[in-house]
Amino acid sequence: MINTDKKCELRKMPIAADSLCGESPLERGESKVERVLAWLFKWGYASPKIIKQLSSAKANGYGKKLERKSYLVATPTATGNPPHIFTLSSSGLQEITRKSEDLFRYPEIDPCRVKQCQIRHDLLAQEATLNALSAGTIVGFETERMSGKADQAGYKRPDVTWVLPSGDKIAIEVELTQKWERDLDMFVLAIIQALMKGENGTKPRFMRFGIISDSPAIIKNYKKAMQKGEKFKEWMKNENGKWVVKKEWSIPEWLLAKCDFHLIEKPKKSKK
């Protein structure tokens, strides 16, 4: 005989949205897709590792999942590291441009347009940016294509611009190949111009300049070239199209204090 006097306690079932910060599972899934598509739209392409971090997935298979849904296209790399990269498919590009307020060219719709020799450089810039975002060091970023400007005399686009919580901007350059002589002179001059105030005392384009490299030699040589009092040349092309020295300058005393150097440590090989 069932005791009807005892009240049955009904267990309240958890609502999925409560454990997903107010998002339903469907909404969260859509947010993950949009986050990945937006990243590729801004950078051009990404590695499985980057997409894993963006999607908070436990394994590297999320990119392949989006490929099966016709959002992405996987293309093998020449070096095999990473084994492949992902670009937007026509469907993926259509989906993100439908939602994005900012539009820019996307040449990687043809994956053959991706410069294989540039992949490692670009992925390092992406990893550094994603880590800075995750740590809360920055609140936003601007890639070269997002700036909408081309390099010209007195103006150089950094590989990526980081936006600090204060609104100030930091220019980031990934340097994997040594520069010297004219190329180094022009690189140093571009940094100085980017950090200088305008003619009317206007705010400089960037508050600081960050240089990321996996080479201790590059960082050592760049630091030396930026020491107070070091000489560098300003170059120009003459009427015959040849590079000639226009003027010689000295490094300003404030330059090195406004530059940060980050050495990427190569992963140690595990002992067998």
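1. Glu234 has Lys247, in strand S8, as its bridge partner. S8 (residues 243-250) runs antiparallel to S7, and 7 bridges join the two; strands count as paired if DSSP finds at least two bridges between them. The two strands form a hairpin with 5 residues between them, and Gly241 in the turn has a positive phi of about 80°. Helices (H or I, at least four residues) and strands (E, at least two) are DSSP runs, numbered from the N terminus.

2. This is a predicted model, in which local features need pLDDT of at least 70 and side-chain atom pairs count only at pLDDT 80 or more, whereas totals for chains, interfaces and linings use all residues. Residues are numbered from 1 along each chain as its sequence is written, and side-chain values use heavy atoms, with hydrogens and water left out.

3. Helix H1 (residues 25-43) has 19 residues and should therefore span 27 Å at 1.5 Å a residue, which agrees with the 27 Å between its end C-alpha atoms; the expected span is 1.5 Å times one less than the number of residues. Gly44, which follows H1, has a positive phi near 105°.

4. A nonpolar core is a set of buried Ala, Val, Leu, Ile, Met, Phe, Trp, Tyr and Cys residues joined through side-chain atoms within 4.5 Å. The largest has 33 residues, and those touching the most other members are Val36, Trp39, Leu40, Ile51, Leu72, Leu88 and Trp162. H1 gives the most to this core, with 7 residues. Apart from it lies another core, of 22 residues, among them Phe187, Tyr222, Met226 and Phe261.

5. Helix H7 (residues 181-195) reaches 22 Å from its first C-alpha to its last, close to the 21 Å expected for its 15 residues. Its buried residues include Asp185, Phe187 and Ile191. What covers the buried residues of H7 includes strands S5 (169-174), S6 (208-213), S7 (231-237) and S9 (259-263), together with helix H8 (216-225).

6. Trp39, Trp43 and Phe141 form one aromatic cluster. Elsewhere, the charged end of Lys179 sits over the ring of Phe187, 4.8 Å from its centre, and Lys258 lies over the face of Trp254, at 5.2 Å from the ring centre; the criterion is NZ of Lys or CZ of Arg within 6 Å of the ring centre and within 35 degrees of the ring normal.

Methods
Buried means under 20% relative accessible area, exposed over 50%, partly exposed in between (1.4 Å probe, protein chains only). Contact means heavy atoms within 4.5 Å. Rings of Phe, Tyr and Trp (its six-membered ring) pair if their centres lie within 6.5 Å; planes under 30 degrees apart count as stacked, over 60 as edge-to-face and the rest as tilted.
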